[in-house]
Amino acid sequence: MVTTLTGSNTFILQQQLRKLVSDFVAEQGDMGLERVDGEEATYERIGEAITSLPFLTSKKMVVLRSPSANKQFIEKAEQLLGDVPETTDVIIVETKLDKRLSYYKFLKKQASFHEFNELDNSGLAQWLAAAAKEQGGVLSIGDARHLVERVGANQQLLFSELEKLLLYNPQVTHQTIDLLTDPAPQSTVFQLLEAAFAGNHKRALQLYSEQRALKVEPQIIIAMLVWQLHLLALVKTAGSRSTDDIAKQAKLNPYSVQKSQSIARHITLARLKQLTANLLQIDTRSKRTSLDLDEALQHYLLTLTSV
């Protein structure tokens, strides 16, 4: 059987790969497991791994990483993969696949084709709730969403934080999330921008103070503000394109795009350009003069609240 694992969500992809390999080794032992790197192996080496019979086991598993890097394999994939013995399971791992190629179309027709894409905030919350349940814990969708907003969209980090929370108490709540996790700087800076654009200057300054208390330097805050303004500009100029389309074209996380769209609706492109120019001026002055960056950035945030 040929199984394909592909997509930009490498965390979920690797989780699925580990499960498949673990299940196989538990049944057949590691003598039947063979790993081949398609970026280094020759076509002959790949072919031999796929077509040879298992040794000392009743079945074998071949994990092929990025075999599309081998041009000869691409050209002969349909024939080669069509001759896989019944005693062999082949797992093809391709993080990126060119959908224009016949190779992709052939793999897509196979019974076991899995594409793992990046999750938006809703998808991340559902995934966290399901992961908690699998580990014998309880996490509501609402609290899962709070965890995403507090920690960020990095699934590896989210999973680690979830394990820590479940170890403390299988019933994960809003309170335990705030108690045991630290707000991710990037996530908090977005909340800072969100508060500022909403006209909530008190909340914006509070978030700025929290960042400084976390020992996040003003220069780092400037860098993250630049990133958020850049993201806003991309979303603003994308017009009526969907969240997924923007994320795909700009190679961004759909969650970040979705959050930025809510702000972009309430700001003009001209105002966005002006805010970017003002931030550039602060950054330039800080490098040429003895500017008090904390004071300058707090004043900058107050100008945002008047948008």
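This is a predicted model: local features need pLDDT of at least 70, side-chain atom pairs count only at pLDDT 80 or more; totals for chains, interfaces and linings use all residues.
Helix H10 spans residues 201–213, and helix H15 spans residues 293–304. The two pack at an angle of about 150°, with their axes 9 Å apart. Angles over 145 degrees count as roughly antiparallel, so H10 is roughly antiparallel to H15. The crossing of H10 past H15 is right-handed. On the H10 side, the contact involves His201, Ala204, Leu205, Tyr208 and Arg212. These residues meet Leu293, Asp294, Leu297, Gln298, Leu301 and Leu302 of H15. By class, the contact of H10 with H15 holds seven nonpolar residues, two polar and two charged.

H10 also packs against helix H11, which covers residues 218–237. Here the angle is about 125°, and the axes lie 10 Å apart. H10 and H11 are therefore oblique to each other. Their crossing is right-handed. Tyr208, Gln211 and Arg212 of H10 make this contact with Pro218, Ile221 and Met224 of H11. Four of the residues in the contact of H10 with H11 are nonpolar, one is polar and one is charged.

H3 passes H4 in a left-handed crossing. H3 contributes Phe73, Ile74, Ala77, Glu78 and Leu81 to the contact, and H4 contributes Tyr103, Phe106 and Leu107. The contact of H3 with H4 comprises seven nonpolar residues, no polar ones and one charged.

Aromatic pairs come next. The distance of the centres and the angle of the planes describe a pair of aromatic rings. The structure holds five aromatic pairs. One of them joins Phe11 and Trp127. Their ring centres are 5.7 Å apart, with 85° between the planes, and the pair is edge-to-face. Phe11 lies in helix H1 (residues 10–28), whereas Trp127 lies in helix H5 (residues 121–134). The pair therefore ties together parts that are 116 residues apart in sequence. Both Phe11 and Trp127 are buried.

Phe73 and Tyr103 form another pair. The ring centres of Phe73 and Tyr103 lie 5.8 Å apart, and the planes stand at 80°, so this pair is also edge-to-face. Phe73 belongs to helix H3 (residues 71–82) and Tyr103 to helix H4 (residues 102–109). The pair links distant parts of the chain, 30 residues apart. Residues under 20% relative accessible area count as buried. Phe73 is buried, with a relative accessible area of 0%. Tyr103 is buried as well, with a relative accessible area of 3%. Phe73 and Tyr103 are also among the contact residues of H3 and H4.

Beyond these pairs, Phe11, Trp127 and Phe159 form one aromatic cluster.

Thr284 is placed in helix H14, which runs over residues 269–288. Thr284 counts as partly exposed, at 26% relative accessibility. Thr284 and Tyr43 are 241 residues apart in sequence. In space, the C-alpha atoms of Thr284 and Tyr43 are 54 Å apart.

Technical notes:
Residues are numbered from 1 along each chain as its sequence is written. Side-chain values use heavy atoms; hydrogens and water are left out. Axes are lines fitted to C-alpha atoms, for helices over the stretch in contact, and angles run from 0 to 180 degrees between N-to-C directions. Helices (H or I, at least four residues) and strands (E, at least two) are DSSP runs, numbered from the N terminus. Angles under 35 degrees count as roughly parallel, over 145 as roughly antiparallel, 65 to 115 as roughly perpendicular and the rest as oblique. A crossing is left-handed if the near helix is turned anticlockwise from the far one by less than a right angle, and right-handed if clockwise. Contact means heavy atoms within 4.5 Å. Ala, Val, Leu, Ile, Met, Phe, Trp, Tyr, Cys and Pro count as nonpolar, Asp, Glu, Lys and Arg as charged, and the others, Gly among them, as polar. Rings of Phe, Tyr and Trp (its six-membered ring) pair if their centres lie within 6.5 Å; planes under 30 degrees apart count as stacked, over 60 as edge-to-face and the rest as tilted. Buried means under 20% relative accessible area, exposed over 50%, partly exposed in between (1.4 Å probe, protein chains only).
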